[in-house]
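Visitor: I am new to this structure and would like to ask about its aromatic rings. Please show it to me before we start.

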Amino acid sequence: MRQHRRTLRLLGSLLLVAMAASVTGAAPAPAASPTPLDRVIPAPASVDPGGSPYRITRGTHIRVDGSRETRGVGEYLAKILRPSTGYRLPVTAQGAGGIRLRLAEGPFGAEGYRLDSGRGGVTITAAKAAGLFHGVQTLRQLLPAAVEKDSVQPGPWLVAGGTIKDTPRYGWRGAMLDVSRHFFTVEQVKRYIDQLALYKINKLHLHLSDDQGWRIAIDSWPRLATYGGSTEVGGGPGGFYTKADYREIVRYASSRHLEVVPEIDMPGHTNAALASYADLNCDGVAPPLYTGTEVGFSSLCAGKDITYDFVDDVIRELAALTPGRYLHIGGDEAHSTSHEDYVKFMDRVQPIVAKYGKTVVGWHQLTGATPAKGALAQYWGLDGTSAEEKARVVKAAQNGTGLILSPADRVYLDMKYTKDTPLGLSWAGYVEVKRSYDWDPGAYLPGVPGAAVRGVEAPMWSETLESSEHIEYMAFPRLPGVAELGWSSAASHDWERYKGRLAAQAERWNALGIEWYRSPQVPWGAGGR
């Protein structure tokens, strides 16, 4: 009888709500609608919307083929979806329907994918595991932002119907993190890796040495880390990665399909090494440790044989720890090294990188020497960089040197947004969100062959950055735009359309606990509160 009365009361309440809506003209609450297929970042190569959406339910399974790589991507997806949905989402090789991840031959390349969604399920198809992983990032963005939370949310979990076919424009879509000016722990680096992966970044460039700190243990030169790594900008405690720490970063990055590119900057930016070993100095006198922010005052001694013994040991040990193809040797702002010594140094150091099975990457000043065959030069000049310097880079590209584009007044993520930005520097100017996005890597340096442009990279220098919150505030909302420049076709680049897609990301950043800058150039809406 008590249950019967409760039922009557409930029915009466529903009737009153319906009557009120009828009297006031209020419309019933709209049904949840899925995110349109074309709302993701980076913009997909092609989108064909249509058909019924797929709904993730308690009965959904994540179906994988028998490969270890596919299962790894499936388990990654399940770990994202389980906390917010509250569903088991078993990863299995059995059955049909649900969310299916499959490797198959097709026009995908190494990183492309196809996503098909309909009432019966979602299928992501790729030729390689990296493509499946990138497809999963697209799937994440097609689900409500609450899917990123670590507690059960109400849903519903709808994926719009239709097909996405997607391949990247460039193979190098990088982000650099300077752990030398301020040291960041393994966990802080992992957090940034996860944020990079959401936008299909595939290179993590770690700036491991500079005047203010040496951050990687080298067994043959132990004082580099224990002494050279003992401080940072402002005089803090610094720190360094043990070899086990570095391997863990490499492993974690690989699990998110990012390749780690380690950098040992030389012959300049080397005060931490010079302070650690007096013999590396031309006069045999070790300078004190440095905690300021000036540049260009330090140099390895190009005329000493011990310099090249040192370089050989460091590159040998670092190459052994790094499964990726590349090793970055810096080469920028070597103002205390004569041009003759700079050329001599690079002529001797580049073959050492090749000896240990790696490809040379250097800042674009490397083109002032003779870049090794297959080397990549990372351009960090400005729109206003001298014609002579640009011409040298263009000539190197025409002669076969590949380019990574990181123009400082476009994609240096440590540049202030405006004069009022509390963090960052402004020597390259102020870089608001539109300026960071609104340029074409393929046309940035006239005269560079299209094939020479290997991609883009967004450096994050850390003179003023001391925490994950600082990194995030400077990266978001600019990082997704750089990722889109690297992934999406030039024809898709349109600021007016992009800023709407970017605004839709705010709710996701909030769900992920990301600190971010509310640029007035973007119509954030409710997510910007």
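Guide: This is a predicted model. Trp427 has a relative accessible area of 46%.

Visitor: Why is Trp427 called partly exposed?

Guide: Buried requires under 20% and exposed over 50%. The 46% of Trp427 falls in between, so Trp427 is partly exposed.

Visitor: What makes Trp380 count as buried?

Guide: Its relative accessibility is 13%. That is under 20%, so Trp380 is buried.

Visitor: How many aromatic pairs does the structure hold?

Guide: There are 26 aromatic pairs. One of them joins Trp380 and Trp427, with 6.1 Å from centre to centre and 85° between the planes.

Visitor: Why is the pair of Trp380 and Trp427 called edge-to-face?

Guide: The centres lie within 6.5 Å and the planes are over 60 degrees apart, so the pair is edge-to-face. Trp380 is in the loop between β17 and α10, and Trp427 in the loop between α11 and α12, 47 residues apart.

Visitor: What makes Tyr473 and Tyr517 an edge-to-face pair?

Guide: Their ring centres are 5.9 Å apart, which is within 6.5 Å, and their planes stand at 70°, which is over 60, so the pair is edge-to-face. Tyr473 belongs to helix α13, while Tyr517 is in the segment after α16, 44 residues apart. Tyr473 and Tyr517 are both buried.

Visitor: Which residues do ring pairs link into a cluster?

Guide: The cluster consists of Tyr199, Phe476, Trp509, Trp516 and Trp524. Arg518 lies over the face of Trp516, 3.9 Å from the ring centre.

Methods
Residues numbered from 1 in each chain as written. Predicted model: local features only at pLDDT ≥ 70, side-chain atom pairs only at ≥ 80, totals over all residues. Heavy atoms only, no water. Phe/Tyr/Trp six-rings, centres within 6.5 Å; stacked < 30°, edge-to-face > 60°. Helix = DSSP H or I, 4+ residues; strand = E, 2+ residues; numbered from the N terminus. Buried < 20%, exposed > 50% of the residue type's maximum accessible area, 1.4 Å probe, protein only. Lys NZ or Arg CZ within 6 Å of the ring centre and 35° of its normal.
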